[in-house]
Amino acid sequence: MVRRLRGILSAMCTPFTPDGSRIDEEALRGLVEGTIEAGVHGLVPCGSTGEFAALTTDERKRATAIVLEQARGRVPVAPHVGSTSTAVAVDLATHAERVGADAVMAVNPFYEPMSLDEVYGYFKTLSDAINIPLMVYNLPAATGMNLRPDFLARMAREIKNVRYVKDSSGDLSQVSELLYKYGQDVTVFNGWDTITFSGLALGSKGSVWGAVNVMPKQCADLFNLIESERLGDARALWERMWPVMQFLVTEGYVASVKAGANLVGFRVGKPRPPIRPLSAQKTDELKSLLINAGALKEVTSLRG
């Protein structure tokens, strides 16, 4: 039975050993436990926040297997399988399905400029290789290509397993168009931190969100409040969360998320080079923001 994706899905960090040479499997299991315990609705390993571009194919498979094993079906898991190579993406997607993933997410190929026909063919080939839902990950800042709402809706209508889109354009007008013009074609998740409240309030079914590693309870609470139509409470919570979101998107996302996750008690280590860890000064600034948001005190008891 295919489980529907909804709510806050954590774009999980990938914890590394101190020398960065291996995935810290124990720490990854701890991150899964703490995230689920905080009430988060689903897990997305090996995405952008998970430093997929710095992982080998075998490491991506291993991380996916660990997350699924540790989650034990308590929440849906939708690993990211996107690649510059269609063959690698297919290999990762079929592996994810084989080890029990509920869905997969894939960014379109990056680095080489691509036509829309080539992007369509990539997602069609990926879909044809699996029997679980596929989330299209639109990330123009990394791919250099913004997949417009009409194109995303067309893929959802024509490609059998395309059910979801994670839109990380950061453009609230584009999110609105997806929701109101094409909402019957594709289920929309926002992927840009600073507009999360707005996207959810407009009717987005959820968010795939790296900030969950830093403040999982608050992220889950935000969705639950909005879903319960308690917009005043949700807005008050968002006002406390927003400074953290702004910090994450302006100070180097992976480094900031990992620094924040370590601060709140998860053991995720440092980013892999060439990304550098957040400076001590910036880490102190982030710590103050988390204290002001009420996240640091609430989350330190989580397993890490």
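Thr86, Ala89, Val90 and Ala93 in α3 meet Tyr122, Thr125 and Leu126 in α4. Contact here means heavy atoms within 4.5 Å. The residues of this contact divide into 5 nonpolar, 2 polar and no charged. In that scheme, Ala, Val, Leu, Ile, Met, Phe, Trp, Tyr, Cys and Pro are nonpolar, Asp, Glu, Lys and Arg are charged, and the others, Gly among them, are polar.

A quick word on sources. This is a predicted model, where local features need pLDDT of at least 70, side-chain atom pairs count only at pLDDT 80 or more, and totals for chains, interfaces and linings use all residues. Residues are numbered from 1 along each chain as its sequence is written, and side-chain values use heavy atoms, with hydrogens and water left out.

Back to the helices. α3 covers residues 86-98 and α4 covers residues 116-128; they pack at an angle of about 30°, with axes 9 Å apart. That makes α3 roughly parallel to α4, a label for angles under 35 degrees. Helices are DSSP runs (H or I, at least four residues), and strands are E runs of at least two.

Now the backbone. Which peptide bond is cis, with omega near 15°? The one from Pro273 to Pro274. Pro274 sits in the loop between α11 (253-263) and α12 (280-293).

Tyr111 has phi near 85°, a positive value in a residue other than glycine. Tyr111 lies in the loop between β3 (104-107) and α4. At 73% relative accessibility, Tyr111 counts as exposed. The cut-offs: buried is under 20% relative accessible area, exposed is over 50%, and partly exposed is in between (1.4 Å probe, protein chains only).

Glu229 also has a positive phi, near 65°. Its loop runs between α9 (216-227) and α10 (231-250). Glu229 is exposed too, at 70%.

Last, salt bridges. The rule is a side-chain nitrogen of Lys or Arg within 4 Å of a carboxyl oxygen of Asp or Glu. How many are there by this rule? The count is 19.

One of them joins Arg267 and Glu26, at 3.9 Å, N to O. Arg267 is in the loop between α11 and α12, and Glu26 is in helix α1 (residues 25-37), so the pair ties together parts 241 residues apart in sequence. Arg267 is partly exposed at 37%, while Glu26 is exposed at 59%.

Another joins Arg29 and Glu69, at 2.8 Å, N to O. Arg29 is in helix α1 and Glu69 in helix α2 (residues 57-71), 40 residues apart.

Note on methods
Axes are lines fitted to C-alpha atoms, for helices over the stretch in contact, and angles run from 0 to 180 degrees between N-to-C directions. Angles under 35 degrees count as roughly parallel, over 145 as roughly antiparallel, 65 to 115 as roughly perpendicular and the rest as oblique.
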